[in-house]
Amino acid sequence: MYLTIAIVLLAICGVLESCTALAAQALDAALAAQALDALVAAYPEAVVSHEGERIIWRDGTIMAATDRVVNKSFKELLSNASILDQFRLPYPRGRLTSPPELNADPGRFRNETFFKKMYGDCRKGEVQARMVSITWLPKSWGKSVQVTSVNGVAERLKRVSEEIETLPTEIRKAAYPIAGVLACRPVADTGQMSMHGYGAAIDLNLVVSDYWLWQKKTDPIPYRNRMPSEIVDIFERYGFIWGGKWYHYDTMHFEYRPELLRISGKLFRSGGP
Ligand SMILES: [Zn+2]
C-alpha cells in the first residue's frame, strides 16, 4: 500500500519541492516495509510480524527497527547499525560480473541486539547451548562440526554439505577442511560480533581463501577470489550469503542471512530512514 501511495505521489507531484519530499518519505516507508516483510519471512521461528517499523518477536518482545539516525558513515554503519540499516546495501544474488564496488559490503552491517536475541549471547554460553553436531562432507572429509540449531541452520548446512558432495573433486576440495564456526569475539575492524559469535557462519578451506586484511595495504583494495562459484551457488540457495561479495572480502566465509537473499536491488537512498 505504501508503495502505491508513493508512486501516486511521485506521479502527481511533478516539480513541487515539498510534495516530492513527501513522496520520497512515503517511498522510504514503502521500502522499509518491504525490508521488514523480508525479515519476518526469513526468520519465522523467531519473528512473527512487524507493525510499521517495530518488530514483534514470537515471545512478545517489541524491538524498534530504526534508530532514526540518518546519514551514518560507513564506519558508523559497521559499528552501530539499526535493523533497517542491515538492508542498506543490496546483496547481489548469483555470480559476480565485476569486483564489489568501494565499501559494498552487503551483510556486514549487523544489529547486535537483534542477532543476540535470535541466537543468544556467546559470552554467557547461550549460543553454545543451542549448538549441535553435523558431519561435514561425510564422503570427502567426514569430521563433525558444531553449528547453531536455531533457524534450522544446522539442517540447512547438512543439505549444503550433501550438495557439495555431488560436485567434482577439484571444486569440492575448496569446501574442506573447515577453518571454523564459533568464534566468540568481535570483528577486528567493527568492534561488533560477527555471525561466528552466533554459530551461524562457517569458514571453508583456508588454503584457497582470500581475505582483504591479508593484502598489502593499497587503495583500492585489489579483489582476489579462488572460491568456486558452484559452492557459492549452493550456499545461497539455502540462505547463506558469501563474504566474497564484499569489497572487504573474506572468500572462505558464509553466513546465514536469508533476509538479504529475499531482497534484490537497492532498498534505500543514501540518506535512508
Ligand atoms: Zn568467517
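Modeller: Let's start with a strand pair. Strand 7 and strand 8 (residues 253–256) run antiparallel to each other and are joined over three bridges. When I say two strands pair, I mean that DSSP finds at least two bridges between them. The elements themselves are DSSP runs numbered from the N terminus: helices are H or I with at least four residues, strands are E with at least two.

Two housekeeping points before going on. Residue numbers start from 1 along each chain as its sequence is written. This is a predicted model, so local features need pLDDT of at least 70 and side-chain atom pairs count only at pLDDT 80 or more, while totals for chains, interfaces and linings use all residues.

Back to the pair: look across from W242 and you find F254 of strand 8. The whole sheet is an open one of three strands, ordered 6-8-7, with antiparallel pairing. Strand 6 (201–203) and strand 7 (240–242) are its edges, each pairing on one side only. From one strand to the next the twist averages 20 degrees. Packed on this sheet is helix 7 (residues 229–237), which touches strand 7 and strand 8, and its direction makes about 145 degrees with that of strand 7. Axes here are lines fitted to C-alpha atoms, for helices over the stretch in contact, and angles run from 0 to 180 degrees between N-to-C directions.

Now zoom in on helix 7. Its buried residues are I231, V232, I234, F235 and E236. Buried means that 20 or more other C-beta atoms lie within 10 Å of a residue's own, exposed means 12 or fewer, and partly exposed is in between, with C-beta atoms placed from the backbone. These buried residues pack against strand 7 and strand 8, and also against helix 5 (153–164), helix 6 (169–172) and helix 8 (258–261). After the helix comes G239, with a positive phi near 95 degrees.

Neighbours within four places in sequence aside, F235 is in contact with V160, F240, W242 and F254, where contact means backbone-placed C-beta atoms within 7 Å. In the largest nonpolar core, which has 53 residues, F235 and I231 sit with A35 and V147 as the members touching the most others. Such a core is a set of buried Ala, Val, Leu, Ile, Met, Phe, Trp, Tyr and Cys residues joined through C-beta atoms within 7 Å.

Helix 5 and helix 7 pack at about 150 degrees, and their axes are 9 Å apart. This makes the two helices roughly antiparallel, a label for angles over 145, with under 35 called roughly parallel, 65 to 115 roughly perpendicular and the rest oblique. The crossing is right-handed, meaning the near helix is turned clockwise from the far one by less than a right angle. On the helix 5 side the contact is made by V160, E163 and I164, and on the helix 7 side by I231, I234 and F235.

Methods. Two residues are in contact if their C-beta atoms, placed from the backbone, lie within 7 Å.
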